[in-house]
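I opened a notebook for this structure and wrote down what I looked up, entry by entry.

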Amino acid sequence: MLSNSLTGNKKPFRLITIPVSHYCEKVRWALTKLKVPYIEEPHLPLFHLLATGRVGGKSTPVLITEASTFTDSTEILRYLDKVAPDNAKLYPTHPDSRRQVEQLEDLFDEQLGPATRRWIYFHTMNNSKLMQRTWCNGVPFVEGVLFPVVFPIVRSIVRQKLNITQESDAQDYEQIKSIFKQVSELLADGRTYLVGNSFSAADLTFAALATPVVRPPEHPMSSASLEELPSKMVSEIKKFRETPAGAFALRLYHDRNY
(Lines give C-alpha, C1' and ligand atoms only; values in the text may rest on other atoms or scores of the structure.)
Protein backbone atom coordinates (compact mmCIF):
# COMPACT_ATOMS: atom_id res chain seq x y z
CA MET A 1 0.00 0.00 0.00
CA LEU A 2 1.33 3.44 -0.91
CA SER A 3 1.50 5.89 1.93
CA ASN A 4 3.23 8.98 0.60
CA SER A 5 2.39 12.25 -1.13
CA LEU A 6 0.92 10.39 -4.12
CA THR A 7 -1.99 8.91 -2.22
CA GLY A 8 -2.13 11.70 0.33
CA ASN A 9 -3.14 14.35 -2.20
CA LYS A 10 -6.09 16.39 -1.04
CA LYS A 11 -6.99 17.13 -4.64
CA PRO A 12 -6.93 14.43 -7.37
CA PHE A 13 -4.64 15.01 -10.32
CA ARG A 14 -6.26 16.00 -13.63
CA LEU A 15 -5.37 13.96 -16.70
CA ILE A 16 -6.35 15.45 -20.06
CA THR A 17 -6.53 12.75 -22.72
CA ILE A 18 -7.62 11.58 -26.11
CA PRO A 19 -9.07 8.40 -24.58
CA VAL A 20 -7.82 5.92 -27.18
CA SER A 21 -4.28 7.39 -27.30
CA HIS A 22 -1.71 4.79 -26.29
CA TYR A 23 0.51 7.54 -24.87
CA CYS A 24 -2.40 8.52 -22.62
CA GLU A 25 -2.80 4.86 -21.71
CA LYS A 26 0.87 4.80 -20.70
CA VAL A 27 0.17 7.50 -18.10
CA ARG A 28 -3.22 6.08 -17.11
CA TRP A 29 -1.54 2.75 -16.37
CA ALA A 30 1.19 4.37 -14.25
CA LEU A 31 -1.37 6.32 -12.22
CA THR A 32 -3.47 3.18 -11.74
CA LYS A 33 -0.48 1.06 -10.72
CA LEU A 34 0.64 3.65 -8.17
CA LYS A 35 -2.96 4.04 -6.95
CA VAL A 36 -2.83 7.78 -7.54
CA PRO A 37 -6.23 9.52 -7.36
CA TYR A 38 -6.93 11.29 -10.64
CA ILE A 39 -9.78 12.57 -12.76
CA GLU A 40 -9.56 11.89 -16.47
CA GLU A 41 -10.82 14.54 -18.88
CA PRO A 42 -11.18 12.84 -22.29
CA HIS A 43 -11.61 14.79 -25.52
CA LEU A 44 -12.16 14.21 -29.20
CA PRO A 45 -9.03 14.92 -31.31
CA LEU A 46 -8.67 18.65 -32.06
CA PHE A 47 -11.14 19.50 -29.29
CA HIS A 48 -8.40 18.42 -26.89
CA LEU A 49 -6.48 21.55 -27.90
CA LEU A 50 -9.06 23.71 -26.15
CA ALA A 51 -8.32 21.90 -22.88
CA THR A 52 -4.56 21.51 -23.19
CA GLY A 53 -4.10 25.07 -24.45
CA ARG A 54 -5.55 26.49 -21.24
CA VAL A 55 -2.74 24.89 -19.22
CA GLY A 56 0.14 25.47 -21.61
CA GLY A 57 0.09 22.14 -23.43
CA LYS A 58 -0.60 21.00 -26.98
CA SER A 59 -0.79 17.25 -27.37
CA THR A 60 -2.08 14.75 -24.85
CA PRO A 61 -1.52 13.45 -22.23
CA VAL A 62 -1.33 16.42 -19.89
CA LEU A 63 -1.15 15.83 -16.14
CA ILE A 64 -2.05 18.70 -13.86
CA THR A 65 -0.91 18.44 -10.24
CA GLU A 66 -0.70 20.89 -7.38
CA ALA A 67 3.05 21.02 -7.97
CA SER A 68 3.11 21.62 -11.73
CA THR A 69 1.71 20.76 -15.17
CA PHE A 70 3.39 18.01 -17.18
CA THR A 71 2.88 17.73 -20.94
CA ASP A 72 4.77 14.59 -22.00
CA SER A 73 4.17 10.96 -21.08
CA THR A 74 7.78 10.26 -20.15
CA GLU A 75 8.02 13.50 -18.20
CA ILE A 76 4.91 12.42 -16.29
CA LEU A 77 6.31 8.96 -15.48
CA ARG A 78 9.55 10.46 -14.20
CA TYR A 79 7.63 12.88 -11.99
CA LEU A 80 5.54 10.03 -10.57
CA ASP A 81 8.70 8.02 -10.00
CA LYS A 82 10.29 10.85 -8.02
CA VAL A 83 7.41 11.03 -5.57
CA ALA A 84 6.69 7.29 -5.40
CA PRO A 85 7.94 5.22 -2.45
CA ASP A 86 10.98 2.98 -2.86
CA ASN A 87 8.87 -0.16 -3.32
CA ALA A 88 6.93 1.31 -6.26
CA LYS A 89 9.59 2.90 -8.46
CA LEU A 90 9.13 2.80 -12.23
CA TYR A 91 12.86 3.34 -12.82
CA PRO A 92 15.67 1.29 -11.20
CA THR A 93 17.95 3.08 -8.77
CA HIS A 94 21.05 1.36 -10.16
CA PRO A 95 22.54 3.67 -12.84
CA ASP A 96 23.18 0.96 -15.46
CA SER A 97 19.73 -0.55 -15.08
CA ARG A 98 18.10 2.87 -15.16
CA ARG A 99 20.00 3.68 -18.36
CA GLN A 100 18.71 0.49 -19.98
CA VAL A 101 15.12 1.30 -18.98
CA GLU A 102 15.40 4.85 -20.30
CA GLN A 103 16.93 3.66 -23.59
CA LEU A 104 14.13 1.16 -24.13
CA GLU A 105 11.47 3.68 -23.17
CA ASP A 106 12.92 6.14 -25.68
CA LEU A 107 12.96 3.46 -28.41
CA PHE A 108 9.31 2.64 -27.77
CA ASP A 109 8.27 6.30 -27.49
CA GLU A 110 10.07 7.44 -30.63
CA GLN A 111 9.65 4.44 -32.93
CA LEU A 112 7.05 1.95 -31.74
CA GLY A 113 4.37 4.43 -30.65
CA PRO A 114 4.25 6.45 -33.90
CA ALA A 115 4.33 3.27 -36.01
CA THR A 116 1.48 1.50 -34.19
CA ARG A 117 -0.62 4.68 -34.22
CA ARG A 118 -0.26 5.19 -37.98
CA TRP A 119 -0.77 1.48 -38.60
CA ILE A 120 -4.10 1.29 -36.81
CA TYR A 121 -5.40 4.55 -38.27
CA PHE A 122 -4.51 3.42 -41.78
CA HIS A 123 -6.71 0.34 -41.33
CA THR A 124 -9.64 1.91 -39.44
CA MET A 125 -9.97 5.56 -40.49
CA ASN A 126 -12.61 4.85 -43.14
CA ASN A 127 -14.94 3.16 -40.65
CA SER A 128 -16.77 6.17 -39.20
CA LYS A 129 -18.87 4.10 -36.78
CA LEU A 130 -15.79 2.43 -35.32
CA MET A 131 -13.93 5.75 -35.16
CA GLN A 132 -16.88 7.36 -33.38
CA ARG A 133 -16.77 4.71 -30.65
CA THR A 134 -12.98 4.91 -30.53
CA TRP A 135 -12.67 8.68 -30.35
CA CYS A 136 -15.82 9.56 -28.40
CA ASN A 137 -15.41 7.19 -25.46
CA GLY A 138 -16.32 9.35 -22.44
CA VAL A 139 -15.89 12.72 -24.16
CA PRO A 140 -18.19 15.67 -23.32
CA PHE A 141 -21.71 15.36 -24.76
CA VAL A 142 -21.29 18.27 -27.17
CA GLU A 143 -18.14 16.77 -28.70
CA GLY A 144 -19.94 13.47 -29.24
CA VAL A 145 -22.89 15.21 -30.89
CA LEU A 146 -20.55 17.13 -33.20
CA PHE A 147 -18.58 14.06 -34.27
CA PRO A 148 -20.50 13.40 -37.53
CA VAL A 149 -19.93 17.02 -38.57
CA VAL A 150 -16.24 17.31 -37.69
CA PHE A 151 -15.07 13.77 -38.43
CA PRO A 152 -14.29 14.27 -42.16
CA ILE A 153 -12.23 17.35 -41.28
CA VAL A 154 -10.46 15.73 -38.33
CA ARG A 155 -9.75 12.60 -40.36
CA SER A 156 -8.15 14.65 -43.12
CA ILE A 157 -6.02 16.61 -40.65
CA VAL A 158 -4.88 13.46 -38.83
CA ARG A 159 -3.95 11.73 -42.09
CA GLN A 160 -1.95 14.74 -43.22
CA LYS A 161 -0.29 15.40 -39.86
CA LEU A 162 0.74 11.77 -39.35
CA ASN A 163 1.55 11.23 -43.05
CA ILE A 164 -0.66 8.16 -43.28
CA THR A 165 -0.29 6.57 -46.73
CA GLN A 166 -0.06 3.15 -48.38
CA GLU A 167 3.72 3.50 -48.26
CA SER A 168 3.75 4.49 -44.58
CA ASP A 169 1.64 1.45 -43.72
CA ALA A 170 4.24 -0.92 -45.18
CA GLN A 171 7.07 0.94 -43.47
CA ASP A 172 5.26 1.01 -40.12
CA TYR A 173 4.52 -2.70 -40.29
CA GLU A 174 8.22 -3.46 -40.81
CA GLN A 175 9.17 -1.05 -38.00
CA ILE A 176 6.78 -2.76 -35.59
CA LYS A 177 8.08 -6.20 -36.57
CA SER A 178 11.66 -5.02 -35.99
CA ILE A 179 10.94 -3.72 -32.49
CA PHE A 180 8.92 -6.81 -31.59
CA LYS A 181 11.90 -8.88 -32.70
CA GLN A 182 14.22 -6.87 -30.44
CA VAL A 183 11.89 -7.34 -27.47
CA SER A 184 11.46 -11.05 -28.23
CA GLU A 185 15.25 -11.45 -28.27
CA LEU A 186 15.51 -9.78 -24.86
CA LEU A 187 12.91 -12.19 -23.51
CA ALA A 188 14.61 -15.26 -25.01
CA ASP A 189 16.62 -15.91 -21.83
CA GLY A 190 13.39 -16.43 -19.87
CA ARG A 191 13.39 -13.14 -18.01
CA THR A 192 10.10 -11.94 -16.52
CA TYR A 193 10.68 -8.25 -17.26
CA LEU A 194 12.75 -6.36 -19.80
CA VAL A 195 15.25 -4.98 -17.28
CA GLY A 196 16.05 -6.54 -13.92
CA ASN A 197 13.62 -8.45 -11.75
CA SER A 198 10.80 -5.95 -11.41
CA PHE A 199 8.23 -4.15 -13.54
CA SER A 200 9.56 -0.85 -14.89
CA ALA A 201 8.75 2.03 -17.20
CA ALA A 202 10.24 -0.02 -20.05
CA ASP A 203 7.68 -2.81 -19.61
CA LEU A 204 4.79 -0.39 -19.14
CA THR A 205 5.75 1.70 -22.17
CA PHE A 206 6.17 -1.30 -24.47
CA ALA A 207 2.85 -2.84 -23.48
CA ALA A 208 0.92 0.43 -23.70
CA LEU A 209 2.36 1.47 -27.06
CA ALA A 210 1.93 -2.04 -28.49
CA THR A 211 -1.80 -2.08 -27.76
CA PRO A 212 -2.94 -1.18 -31.31
CA VAL A 213 -1.28 -4.32 -32.69
CA VAL A 214 -2.07 -6.83 -29.92
CA ARG A 215 -5.50 -5.53 -28.81
CA PRO A 216 -5.41 -6.75 -25.16
CA PRO A 217 -8.95 -7.53 -23.91
CA GLU A 218 -8.13 -5.84 -20.58
CA HIS A 219 -7.43 -2.45 -22.17
CA PRO A 220 -9.68 0.07 -20.34
CA MET A 221 -10.56 1.91 -23.55
CA SER A 222 -10.98 -1.10 -25.85
CA SER A 223 -13.84 -0.32 -28.21
CA ALA A 224 -13.92 -3.06 -30.84
CA SER A 225 -13.74 -6.83 -31.08
CA LEU A 226 -11.49 -8.46 -33.66
CA GLU A 227 -14.58 -9.46 -35.64
CA GLU A 228 -15.28 -5.78 -36.37
CA LEU A 229 -11.82 -5.10 -37.82
CA PRO A 230 -10.61 -5.62 -41.42
CA SER A 231 -9.50 -9.19 -42.07
CA LYS A 232 -5.95 -8.19 -43.07
CA MET A 233 -5.59 -6.26 -39.83
CA VAL A 234 -6.91 -9.19 -37.77
CA SER A 235 -4.45 -11.55 -39.45
CA GLU A 236 -1.53 -9.27 -38.59
CA ILE A 237 -2.74 -8.77 -35.00
CA LYS A 238 -2.83 -12.54 -34.51
CA LYS A 239 0.73 -12.82 -35.83
CA PHE A 240 1.95 -10.11 -33.43
CA ARG A 241 0.16 -11.80 -30.53
CA GLU A 242 1.95 -15.07 -31.27
CA THR A 243 5.42 -13.56 -30.92
CA PRO A 244 7.18 -13.65 -27.53
CA ALA A 245 6.92 -9.84 -27.43
CA GLY A 246 3.21 -9.92 -28.15
CA ALA A 247 2.59 -12.59 -25.54
CA PHE A 248 4.61 -10.50 -23.08
CA ALA A 249 2.44 -7.42 -23.69
CA LEU A 250 -0.73 -9.49 -23.28
CA ARG A 251 0.57 -10.97 -20.01
CA LEU A 252 1.35 -7.52 -18.63
CA TYR A 253 -2.16 -6.40 -19.51
CA HIS A 254 -3.64 -9.46 -17.87
CA ASP A 255 -1.80 -8.47 -14.68
CA ARG A 256 -2.38 -4.73 -15.17
CA ASN A 257 -4.69 -4.12 -12.23
CA TYR A 258 -3.04 -6.49 -9.76
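Predicted model: local features only at pLDDT ≥ 70, side-chain atom pairs only at ≥ 80, totals over all residues.

**Entry: α1 and α3.** I found that the axes of helix α1 (residues 22–33) and helix α3 (residues 73–83) come within 9 Å, with a crossing angle of roughly 10°. Angles under 35 degrees count as roughly parallel, and I therefore noted α1 and α3 as roughly parallel to each other. I then looked up who makes the contact: Tyr-23, Lys-26, Val-27, Ala-30 and Leu-31 from α1, and Ser-73, Thr-74, Ile-76, Leu-77 and Leu-80 from α3. Sorted by class, the contact of α1 with α3 has 7 nonpolar, 2 polar and 1 charged residues.

**Entry: α7 and α11.** I next took α7 (166–187) and helix α11 (residues 244–254). The axes of α7 and α11 are 7 Å apart, and the two helices pack at an angle of about 80°. The range from 65 to 115 degrees counts as roughly perpendicular, so I recorded α7 and α11 as roughly perpendicular to each other. On the α7 side I listed Phe-180, Val-183, Ser-184 and Leu-187, and on the α11 side Pro-244, Ala-245, Gly-246 and Phe-248. I count this contact of α7 with α11 by class as 6 nonpolar, 2 polar and no charged residues.

**Entry: α10 and α11.** I found Phe-240, Arg-241 and Glu-242 of α10 meeting Pro-244, Gly-246, Ala-247 and Leu-250 of α11. The classes in the contact of α10 with α11 are 4 nonpolar, 1 polar and 2 charged residues. Pro-244 and Gly-246 of α11 are also on my list for the contact with α7.

**Entry: the largest pocket.** What volume does the largest pocket have? I read about 1000 Å³. The largest pocket is lined by 41 residues, and those closest to its centre are Ser-21, His-22, Tyr-23, Arg-117 and Tyr-121. Tyr-23 was already in my notes for the contact of α1 with α3. Which element gives the largest share of the lining? I found that α4 does, with 7 residues. At least two lining residues each come from α1, α2 (48–53), α3, α4 (95–124), α5 (128–135), α6 (141–162) and α9 (211–214). By class I wrote down 21 nonpolar, 14 polar and 6 charged residues for the lining of the largest pocket.

**Entry: backbone.** I looked for exceptions here, because most residues other than glycine have a negative phi, and most peptide bonds are trans. I found a cis peptide bond between Thr-60 and Pro-61, with omega about 5°. Pro-61 sits in the loop between α2 and β3 (62–64). I also noted a positive phi, near 55°, for Asn-163, which is not a glycine. Asn-163 belongs to the loop between α6 and α7. Arg-215 has a positive phi as well, near 50°.

**Entry: confidence.** Last, I looked up the pLDDT of the model. The chain averages 93, and 95% of the residues score at least 70. Which element has the lowest mean pLDDT, and which the highest? I found α5 lowest, at 92, and helix α8 (residues 201–209) highest, at 98. I noted that α5 is also one of the helices that supply at least two residues of the lining of the largest pocket.

Terms used
Residues numbered from 1 in each chain as written. Heavy atoms only, no water. Axes fitted to C-alpha atoms, helices over the stretch in contact; angles between N-to-C directions. Helix = DSSP H or I, 4+ residues; strand = E, 2+ residues; numbered from the N terminus. Parallel < 35°, antiparallel > 145°, perpendicular 65-115°, else oblique. Contact = heavy atoms within 4.5 Å. Nonpolar A, V, L, I, M, F, W, Y, C, P; charged D, E, K, R; others polar. 1 Å grid on protein atoms, 1.4 Å probe; cavity = no way out; pocket = protein on both sides within 12 Å on 5 of 7 lines; lining within 4 Å. Points joined across faces, edges and corners; volume = space filled by probe spheres on them. pLDDT = per-residue confidence, 0-100.
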